[in-house]
Amino acid sequence: MAFCSAPAQLSSPSFTTISVSPRRFIVRMSNQSPKPTATTTSIVTSATKLLWGPSLPPGLLISTARTAWSTVWQLMMTQLAPSDSSGSYTRPTSQFRLNPTQFPSAASSSELHLYVGLPCPWAHRTLIVRALKGLDDAVSVSVASPGQDGSWEFKDSNIPIRDKDKLIPGLDKVNRCRNLKEVYKSRTGGYEGRCTVPMLWDSRKKDVVCNESYDIIEFFNSGLNEFARNPSLDLTPPELKGKIENWNQIVYPKVNNGVYRCGFAQSQEAYDRAVNELFSTLDEIEDHLRSNRYLCGETLTLADVCLFTTLIRFDPVYNVLFKCTKQKLVEYPNLYGYLRDIYQIPGVAATCDIHAIMDGYYKTLFPLNASGIQPAISLSGDQDSLLIPHHRDSVGKAVQAQHAL
């Protein structure tokens, strides 16, 4: 099940477009389980009444069902989330990396196309940087939907599109493929590995340029300035590169991948380790943001983009589905204000679609949510709540004034 990209094991980890008013689309997935018919329900009800009346099923049946489900769950999780001997989730590495030396030639000789899925935090990073840099015209986008088997597929959403830049799941705009696997396999030499998003495609060479999200956002930040509407924006300024790298080394394993290590843990010990690391790191970041507007001070960087895409999914998805339950993000005043601050940057809100995120996780990750029932979105996870004033612009100034005294 290729739900999201597999970021590289870090030099830096491997998520929108800008408009303060959020865009809401209810994406109807094709992978909703068929509802049982009245006849089927009646037969099952009659059979259970005949076998054991109003009592609970016999203990033997319950234990047998538990064992069978546990075995099937383990098999599915092996494919969805490979783990080590302790049951800890081990994210596969990306197969197509982009070398920085390729940046100049890639900009001049390629027709670039980006494949994404709206639920995926790793793909979300690329959409944010594309929006902030103003690369909408330089890099076109195809938005895939999670298929019934967890793969990415392209289908007509039947939603009227008045704005060509709206991020709505639809058809493959470049290769006209039915799913992402077909796109990967169409490259020269073919491909049989994991077919993940984000994926940057060279439509002239008919080949995969990169499927490592951090490589892609670095490229968008500095490799396409001649095509960008906002070339002066630098999300990795030279004087902050050391701080960015330090934060990436903390945020990627313990937060970005940490929530997956909680949700995909296959032993209690693995879960306990992951959840304790996650929340101790969130505590650390919360304290840091008390006196810093962003992770590296007063300047937005790629480190913030990477953290943001996990935070916006935290209360609606990770807190519930991935058992990241020690605290909600809204209980961290600085982190929640920081989330609203970035969300309100012009262009970012348009890349965020909470309804598509909820559909993607709750209806696709069958081993974690077999019923497919989607919970109500909490107030803190609703996009309207993210428009509440954040007052984060005064944080750094207040600290500087205090030091001046």
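Rings of Phe, Tyr and Trp (its six-membered ring) pair if their centres lie within 6.5 Å; planes under 30 degrees apart count as stacked, over 60 as edge-to-face and the rest as tilted. Welcome to the close-up views of this predicted model, in which local features need pLDDT of at least 70 and side-chain atom pairs count only at pLDDT 80 or more, while totals for chains, interfaces and linings use all residues. Residues are numbered from 1 along each chain as its sequence is written, and side-chain values use heavy atoms, with hydrogens and water left out.

**View 1. Ring pairs join Trp122, Tyr252, Tyr260, Phe264, Tyr318, Phe322 and Tyr361 into a cluster.** The structure has 16 aromatic pairs. One of them brings together Tyr260 and Phe322, whose ring centres are 5.3 Å apart with planes at 70°, so this pair is edge-to-face. It connects distant parts of the chain, 62 residues apart: Tyr260 sits in helix 8 (residues 258-263), and Phe322 in the loop between helix 11 and helix 12 (333-343). Helices (H or I, at least four residues) and strands (E, at least two) are DSSP runs, numbered from the N terminus. Tyr260 and Phe322 are both buried, a word that means under 20% relative accessible area, with exposed meaning over 50% and partly exposed in between (1.4 Å probe, protein chains only).

**View 2. Phe219 and Phe220 form a ring pair.** Here the centres are 6.3 Å apart and the planes meet at 40°, so the pair counts as tilted. Phe219 and Phe220 are both buried.

**View 3. Asn319 belongs to helix 11 (residues 314-321).** Asn319 counts as buried because its relative accessibility is 9%. Setting aside neighbours within four places in sequence, Asn319 is in contact (heavy atoms within 4.5 Å) with Phe314, Cys324, Thr325, Gln327 and Lys328. Gly263 is 56 residues from Asn319 in sequence, and their C-alpha atoms are 9.5 Å apart in space.

**View 4. Asp202 lies in strand 4 (residues 199-202).** The backbone of Lys205 does take part here, with its nitrogen 3.0 Å from a polar atom of the Asp202 side chain.

**View 5. A cis peptide bond runs from Val197 to Pro198.** Its omega is near 0°. Pro198 is placed in the loop between helix 5 (180-185) and strand 4.

**View 6. Lys206 and His391 have positive phi values.** Lys206 is not a glycine, yet its phi is about 55°. You can find Lys206 in the loop between strand 4 and strand 5 (207-210), where it is partly exposed, with a relative accessible area of 38%. His391, also not a glycine, has a phi of about 60°. Look for His391 in the loop between helix 13 (354-364) and helix 14 (395-404). With a relative accessible area of 57%, His391 is exposed.

Key: Polar contact = N/O pair within 3.5 Å; in protein donor to acceptor, adjacent residues only side chain to side chain.
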